[in-house]
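This briefing covers helix packing, the chain interface and the domain contact. The structure comes first.

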Number of protein chains: 2
Amino acid sequence: MSLALLERHRDTLRHALSDALSRDPEIFRALRYHVGLEDDAGQPDDGMGKMVRPAIVMFIAEELGGSLDRALHAAVGLELVHNFSLIHDDIQDQDRTRRGRATLWTQLGEAQAINAGDLMHAIAISEALRSGPAIAERLLGATEAMIVGQTLDLHFEDRAVDEAEYLHMIDHKTGALLRCAFELGGICAGASEDVICDLRQLGHGIGRAFQIRDDVLGIWGNGDVFGKPQGSDIRRRKKSYPVAVGFSRAESGDRETLERIYAREPVREEDVEWVIRLLERLGVRDSAAEQVRIHLEQAQDAASRIALSERGRNELNALIEFLARRQK
Amino acid sequence: MSLALLERHRDTLRHALSDALSRDPEIFRALRYHVGLEDDAGQPDDGMGKMVRPAIVMFIAEELGGSLDRALHAAVGLELVHNFSLIHDDIQDQDRTRRGRATLWTQLGEAQAINAGDLMHAIAISEALRSGPAIAERLLGATEAMIVGQTLDLHFEDRAVDEAEYLHMIDHKTGALLRCAFELGGICAGASEDVICDLRQLGHGIGRAFQIRDDVLGIWGNGDVFGKPQGSDIRRRKKSYPVAVGFSRAESGDRETLERIYAREPVREEDVEWVIRLLERLGVRDSAAEQVRIHLEQAQDAASRIALSERGRNELNALIEFLARRQK
């Protein structure tokens, strides 16, 4: 699926990303590999993701009449913060592949991958600072929130989690950078505090809807042979939104069984089926769908207060549809 | 030993460090523990190091007529960058203690210690940004250089290293933040480019002299029963300055033996003695002492061009003596 909002500035973003990472020391080659600019032999590659966050920075700045030159550094800084966090996440989770490519720590070892992430973090903020101190300050605030979210997520591996705790975590871990994308676009355009607040709510709504939808797919799949199979997040014992709601709603006997299953590794197939049945019995699937709807409405509400062009409004709606209703 | 330059602003720095790290999320407790503000039970502690770098920022800013309020944020930012790098270094080197306290990864696990370092990195730059974009930009440049130095140092574990490569590495790994301390003080005082350049050379000279002196102590000890024993860096197969010079100077047969010893683990006691004899035969100990002298002269030369007060000049000289001539 091709979305105008993601495509329009993609080449510009790619070049700016390449400029930010084109330096001599050997370690920079690892950074270019990680973001997908080069393959593992140092040859040009097109392994970058959708680059949703920097595309949003550029889109909002353009729509609100800001300078695209200024927005570009903010956008690249944000994308690099996202990527530094992925380098360290992959070490923490011991994930060996990402987007079909070997993760950095499997190539360099953990020690050098920690350095690579640290270097990308510093470069990210340097890049954002080129758009001005207000941009760097906002990005640093979002980065701190994201890291706090990541520490909460790791804590959740060892204990039961309720719905409020899960939402608090995810608002930090994945929500912070998405809200930041909308805010940075607004700051680059010199938007008023009121508009920044609307942009923030827009990002918040999209972020929540996207995450909950993603978590639903991780449990119920999408019936598509190419998509996620049923129960994959349960097999991985991932405490995603539906499970957190399950923990909140389950009565004593069920709750104890649920805790026992999430403490056991590996999870047995009969446990996966039991959890899915429990969640359905507790009405979790319907509640999650309702939450997605509510947050999309809030996002659209916030968007309606922002002075977008006709074209911009259509493109934003297409992005929202894509992020929050995607089937895989 | 008590040094006026290190003592004068120590309480102010301690309070500002505490302010920067006093936030609610659990992970901030780990940050306060790491820098030495609290013990592992969360009680007030005095486990901080000498805080040389932030003391230098304050000293130079004060001497050159800058605002101490502005310098304080720059100083705390620099100290936090240094500390974030220690958190990650301890994971990379698998060191279990630092300054007599358990390192953070032994307390939290490696995954959460990576997060703690990342969070401290972001807070460090936020703090520096409060002193203005020029301060944050300079600190980010030094941080990038430091990380490049750390990647080089890890690479050195697997291969022979010559003198020039070693100096290049150390100018990055430890030199960058020390030079930065002098520069940040100057920037806070609105010093001219020429003065900043002198400050940079002052930091460079002190950094080189300190590092080479430290490396000499790591091989020859200091004859003091409380200091380092002879050969301790050889036992750890650390490729420090004397060994790099040894690699540069050794002729074929000796060089092969040296390479074999540094590839073997553990190093035998007879090898330690052989390496020490080789380095002395190659005149490495004398050359190192000469290098310390040359770099101290360059530092004093640069200092003489900077408009310090009489008291300031004496205090700076006392610090230089302490750093570059210390016996342990």
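α16(A) and α17(A) are roughly antiparallel to each other (angles over 145 degrees count as such). The model is predicted: local features need pLDDT of at least 70, side-chain atom pairs count only at pLDDT 80 or more, and totals for chains, interfaces and linings use all residues. Residues are numbered from 1 along each chain as its sequence is written, while chains are lettered from A and ligands numbered from 1 in the order in which they are written.

**Helix pair**
- The axes of α16 (residues 284–304) and α17 (residues 310–325) of chain A come within 12 Å and cross at roughly 165°; helices are DSSP runs (H or I, at least four residues), numbered from the N terminus.
- Axes are lines fitted to C-alpha atoms over the stretch in contact, with angles from 0 to 180 degrees between N-to-C directions.
- A:V292, A:L296, A:A299 and A:A303 in α16(A) meet A:L316, A:I320 and A:A324 in α17(A) (contact: C-beta atoms, placed from the backbone, within 7 Å).
- This contact of α16(A) with α17(A) has seven nonpolar residues, no polar and no charged (Ala, Val, Leu, Ile, Met, Phe, Trp, Tyr, Cys and Pro are nonpolar; Asp, Glu, Lys and Arg charged; the others, Gly among them, polar).

**Chain interface**
- Contacts join 28 residues of chain A to 28 residues of chain B.
- On the chain A side, α7(A) gives the most, with twelve residues.

**Domains**
- Chain A is divided into domain 1 (1–191) and domain 2 (193–328), with bounds from an automatic or database domain assignment.
- Their contact takes 24 residues from domain 1 and 26 residues from domain 2 of chain A.

How values were computed
Helix = DSSP H or I, 4+ residues; strand = E, 2+ residues; numbered from the N terminus. Parallel < 35°, antiparallel > 145°, perpendicular 65-115°, else oblique. Contact = placed C-beta atoms within 7 Å.
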